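Please read the following note with the structure open beside you, and check each point against it as you go.

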Amino acid sequence: MTNRIIGLLAVAAGTALAARGAVAQETVRLNGAGATFPQPIYQKWVLEYHTLHPNVEINYQGIGSGGGIRQYTDHTVDFGASDGPMTDAQIQAVNGNVYHLPTVLGSVVPTYNIPGVTAQLKFTGEVLAGIWLGQITKWNDSRLTALNPGVSLPDQDIIVAHRSDGSGTTYIWTDYLSKVSPDWMQRVGKGTSVNWPVGLGGQGNPGVANIVKQTPGAIGYVELIYAIQNNIGYGLVQNAAGNFIQASLATTTNAAAGAVAHLDANTDFRISITNAEGAQVYPIASFTWLLVPKTMTDMTKARALLEFVWWALHDGEKYTTDLAYAPLPSRVVQLEEERLKSITVDGQPVLPRNYRGH
């Protein structure tokens, strides 16, 4: 009888432990949406993290930064993503309940499809503005041929492509053009959506890349990885120092160097690094941001989300270079650690002050 009782107790204890384990491994589902600019690295992170934590399912939809901000504002996602920071009015619309958390650095490149031309073309900001304003309409325009001596540019119409959706990539592109072209700043300005003077619209970075790839004579702007993945040419762009620079990990990282030096614990990270100073700086570079609530209501979801973001900022950074993104400077990561530890549910910190990942 004694052995039978001990056996029953052991079974009961094992069942209780199994139940607790089942609770600990209960599936947590997180939904996010927004920028297509970082979508390749976010997809990689989600896949790798799920392999490590099978009970955490993260669904990220690349619908454009405008859509990400809208869904974050409407509380239809657990986190948003944008390459164009929320405006003060947009932040006020969510009662200030948002942190902008940089994840990686990327570059936007002018990409083109000119039959018979294999050379890597050079562009200035003024020429790019002229093309998107509809002032430069032929590939053999004298302003283009002067920048590219020795390249036989054809007497062919330039077909301009731009984003049709609200887009952080558009924000980066127009932020740059507004800094280098007074005419652009006056006539169009910057934003995730603008009134384009000319051009065909494509949905997301993939849509613009597809227009350029399939349209002889086309030019568009995409995040660097989309030009590489689609095997379409992209140009050198003249920087503030007067040098023509190719987008790369090093030249993108260089763009953040000056801005990072001025960061402090109070920064909100809504920092523009387009047209930054420096001899080897690629001028159309930017942070991209996750939009995460400062205060949340569900501790289980909050902990899963913040642990994922922490992992991405640390272990996940090793995947950036293969996808043509630049990892964050260490100073930015240090400041973000403090932000993550300040996020609360019902006044209680989600991550302990001594949190260092797992």
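Which residue of strand 10 does Phe123 stand opposite? The answer comes in the first point, and throughout it should be kept in mind that this is a predicted model.

1. Phe123 stands opposite Val237, which belongs to strand 10. The two strands concerned, strand 5 and strand 10 (residues 236–238), pair in the parallel sense, and two bridges connect them.

2. That pairing is part of an open sheet of three strands, whose order is 5-10-11 and whose pairing is mixed. Strand 5 (122–123) and strand 11 (244–245) stand at the edges with a single partner strand each, so one side of each is left without a neighbour in the sheet.

3. Strand 6 (residues 159–163) deserves a separate look, since four of its five residues are buried and the strand is therefore described as mostly covered, buried meaning under 20% relative accessible area. It pairs in the parallel sense with strand 8 (residues 218–223) over two bridges, and here Ile159 stands opposite Ala218 of strand 8. Strand 6 also runs parallel to strand 7, to which three bridges join it, and in this pairing Arg163 is the residue that stands opposite Gly202 of strand 7.

4. For helix 2 (residues 39–52), a simple check of length can be made: at 1.5 Å a residue, its 14 residues should span 20 Å, and the C-alpha atoms at its ends are 20 Å apart, which agrees. The buried residues of this helix are Gln39, Pro40, Ile41, Tyr42, Trp45, Val46, Glu48 and Tyr49. These buried residues pack against several elements, among them strand 2 (56–62), strand 3 (79–82) and strand 4 (99–113), and the list also includes helix 10 (224–229), strand 12 (285–292) and helix 12 (299–313).

5. Is Ser193 buried or exposed? This residue is found in the loop between helix 8 (182–187) and strand 7 (200–202). Ser193 has a relative accessible area of 51%, and because the limit for exposed is over 50%, it counts as exposed. Leaving aside its neighbours within four places in sequence, Ser193 is in contact with Asp165 and Gly166.

Technical notes: Residues are numbered from 1 along each chain as its sequence is written. This is a predicted model: local features need pLDDT of at least 70, side-chain atom pairs count only at pLDDT 80 or more; totals for chains, interfaces and linings use all residues. Side-chain values use heavy atoms; hydrogens and water are left out. The expected span of a helix is 1.5 Å times one less than its number of residues. Buried means under 20% relative accessible area, exposed over 50%, partly exposed in between (1.4 Å probe, protein chains only). Contact means heavy atoms within 4.5 Å. Two strands pair if DSSP finds at least two bridges between them.
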